[in-house]
Amino acid sequence: MFAPLPQGFPKLQQAVASLGSFALAQPPQMMQIGQRMRRFYALARERGYQGLSRGHIRRLPYAMWLDGEPHLAQVEPDLVKAYWDTHLPAAIQQPRLAKRWLVPLFYVYCHEFRRHDVDFQHFALRVRAALQQAQGPVAYWLNELQARFRWFMPGEVGLHLGRALLQSATSMRDVLARMKLWAGFLDEPIAQEAFAGAMRAPDDVLSSPPVIDRVKMWSCADATGIRGSSVLRYPDARVALAEGLVRPWLRARPSDAVRTGLASFLIRHYGDPRLLSDVHAGHYWQGVSSPTVNTVKRWLVGDTLRGFVRLLQLTADEIWRYRERFWMAYHDQGAVEEAWLALGSNAALRAQYELGKTGWAQYGRLVSGAAADQSVLFLRIGQIVFMEWSHNGSLRACAHDDPHLPAMYQPEYRADELREVISMDFHNGMNERPQLTHAGSDRGTWQRKARDFIADHTGVTLSDQAILG
């Protein structure tokens with residue numbers, strides 16, 4: 001279904017070439033025109049519509065659907081029948097008139113697109129029938145759109161048009177220009193249908209970096225004119241967008257650049273999924289599947305770990321390389337299910353710059369009882385939550401349901417309260433203090449003891465090579 005596209009859409013280009021300098025302008029104010037036409041039709045009804053000009057009848061498509069009003073066929077059934085059976089067929093067989101009669105139909109079809117609506121499906125059927133009789137270059141162009149993209153088949157156009165817009169080698173602007181479509185076409189409902197179709201592309205298509213960039217560009221609209229202030233163009237398609245971007249990576253690992261770009265995009269437009277729960281009704285992650293949300297959370301685990309290690313490096317933690325090797329080994333194994341940071345004041349300032357490079361900078365703050373450079377990494381492996389203190393701090397472990405354990409994802413933590421949490425015993429009763437100090441890093445002392453503790457309590461086992469290098 002998503003085979004490679006022919007370069008340049010040759011038949012469509014031939015059709016476009018026959019149009020000469022023709023290009024569709026931005027659609028007119030269709031609602032205002034439609035409301036005005038309905039007033040004319042109501043006044044002319046008693047006289048059998050004899051007073052209507054050709055222009056009044058030509059603009060009839062604009063009056064088909066108006067917000068809060070019944071479909072035109074219910075209000076003016078005789079006029080609508082005459083339009084389809086008499087006026088339109090007569091006009092479109094004359095190339096000189098065909099453009100002026102076909103373009104309103106095209107605008108209305110794109111603007112009022114509603115795939116499951118019975119009246120709209122009938123409208124599409126009548127347009128297809130009319131195009132079989134129409135003459136002239138505009139009719140030829142519309143017939144090529146139908147042949148190439150199933151344009152006037154509401155149940156099929158989304159997949160075919162979505163495929164073309166998603167996989168074209170040229171910019172979206174150039175694609176639309178080649179197809180003789182107006183600049184604002186992407187904001188039309190038919191373009192949203194195409195976007196939904198594009199999100200059903202195979203994983204090997206949606207995992208391509210150029211396609212990912214195209215999806216992100218297509219899905220966003222500039223709301224204010226200020227660079228970086230874009231919003232989702234199709235809010236109703238937010239679930240399909242998140243699923244489409246993440247689905248190729250449910251069982252595969254993206255490159256660092258792809259992962260970072262996707263995580264940044266999703267957090268900017270959906271929020272950080274770690275900070276939301278069922279009580280946050282109406283958030284953008286609502287309705288997105290658990291596998292998709294959990295995959296994004298796993299990406300953030302990796303970035304949180306890397307951020308912690310980078311902060312250790314910048315704040316002169318002497319054993320940062322050993323910590324990096326140890327915890328990244330568990331991340332690479334897929335064992336770390338959640339991660340969060342609590343940062344002292346200096347560490348937080350550095351994080352605003354370092355983590356900000358990824359497009360997100362979510363962390364809690366240590367508000368008292370800790371050195372300014374100090375930080376705490378929270379990790380959950382299985383049912384155990386670890387608190388890894390930087391610098392001369394210890395490693396603590398608690399059952400995830402320990403009532404004394406502060407919850408992850410809080411905006412602030414008191415360092416003295418974190419230290420008061422009684423750790424599970426890393427030493428089998430052989431030490432006075434149950435927590436684990438980071439002694440003997442170069443010999444693997446604390447790493448092996450922590451590794452054995454994790455294996456005993458979670459079943460996750462790693463070799464010396466994995467944790468020590």
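How many of the 11 residues of helix 9 are buried? In this predicted model, eight of them are, and helix 9 (residues 157-167) is therefore described as mostly covered.

The buried positions of helix 9 are Val157, Gly158, Leu161, Gly162, Arg163, Ala164, Leu165 and Leu166. Several other helices contribute to covering these residues, including helix 8 (137-149), helix 10 (172-178) and helix 11 (189-198). Helix 12 (203-206) and helix 13 (209-219) also belong to this cover.

## Arginine 38

Arginine 38 lies in helix 2, which spans residues 30-44. Its relative accessibility is 12%, and because buried means under 20%, arginine 38 counts as buried.

Apart from neighbours within four places in sequence, arginine 38 is in contact with Ala63, Met64, Trp65, Leu66, Glu69, Pro70, His71, Leu72 and Val75. Alanine 371, by comparison, is 333 residues from arginine 38 in sequence, and the C-alpha atoms of the two residues are 74 Å apart in space.

Six strands make up an open sheet with mixed pairing, arranged in the order 7-6-5-3-4-8. Strand 7 (395-399) and strand 8 (412-414) are at the edges; each has a single partner strand, so one side of each lacks a neighbour in the sheet. On average, and ignoring direction, neighbouring strands are turned by 25° against each other.

Strands of a sheet pair through backbone hydrogen bonds, in either a parallel or an antiparallel manner. Strand 5 (residues 375-381) and strand 6 (residues 384-389) run antiparallel and are joined by six bridges. Within this part of the sheet, phenylalanine 378 has methionine 387 of strand 6 as its bridge partner.

## Helices against the sheet

Helix 18 (residues 345-354) lies across strand 3 (336-343) and strand 4 (364-368), and its direction is at about 115° to strand 3. Helix 20 also packs on the sheet, where it touches strand 5, strand 6 and strand 7. The direction of helix 20 makes about 165° with that of strand 6.

## Helix 17 and helix 20

Helix 20 (residues 445-458) also packs with helix 17 (residues 320-332), at an angle of about 20° and with the axes 11 Å apart. The two helices are therefore roughly parallel to each other, and their crossing is right-handed.

On the side of helix 17, the contact is made by Tyr322, Arg323, Phe326, Trp327 and Tyr330. Helix 20 contributes Trp446, Gln447, Ala450, Arg451 and Ile454. By class, this contact has seven nonpolar residues, one polar residue and two charged residues.

Notes. Residues numbered from 1 in each chain as written. Predicted model: local features only at pLDDT ≥ 70, side-chain atom pairs only at ≥ 80, totals over all residues. Heavy atoms only, no water. Axes fitted to C-alpha atoms, helices over the stretch in contact; angles between N-to-C directions. Helix = DSSP H or I, 4+ residues; strand = E, 2+ residues; numbered from the N terminus. Parallel < 35°, antiparallel > 145°, perpendicular 65-115°, else oblique. Left-handed = near helix turned anticlockwise from the far one by under 90°. Contact = heavy atoms within 4.5 Å. Nonpolar A, V, L, I, M, F, W, Y, C, P; charged D, E, K, R; others polar. Pairing = 2+ DSSP bridges. Buried < 20%, exposed > 50% of the residue type's maximum accessible area, 1.4 Å probe, protein only.
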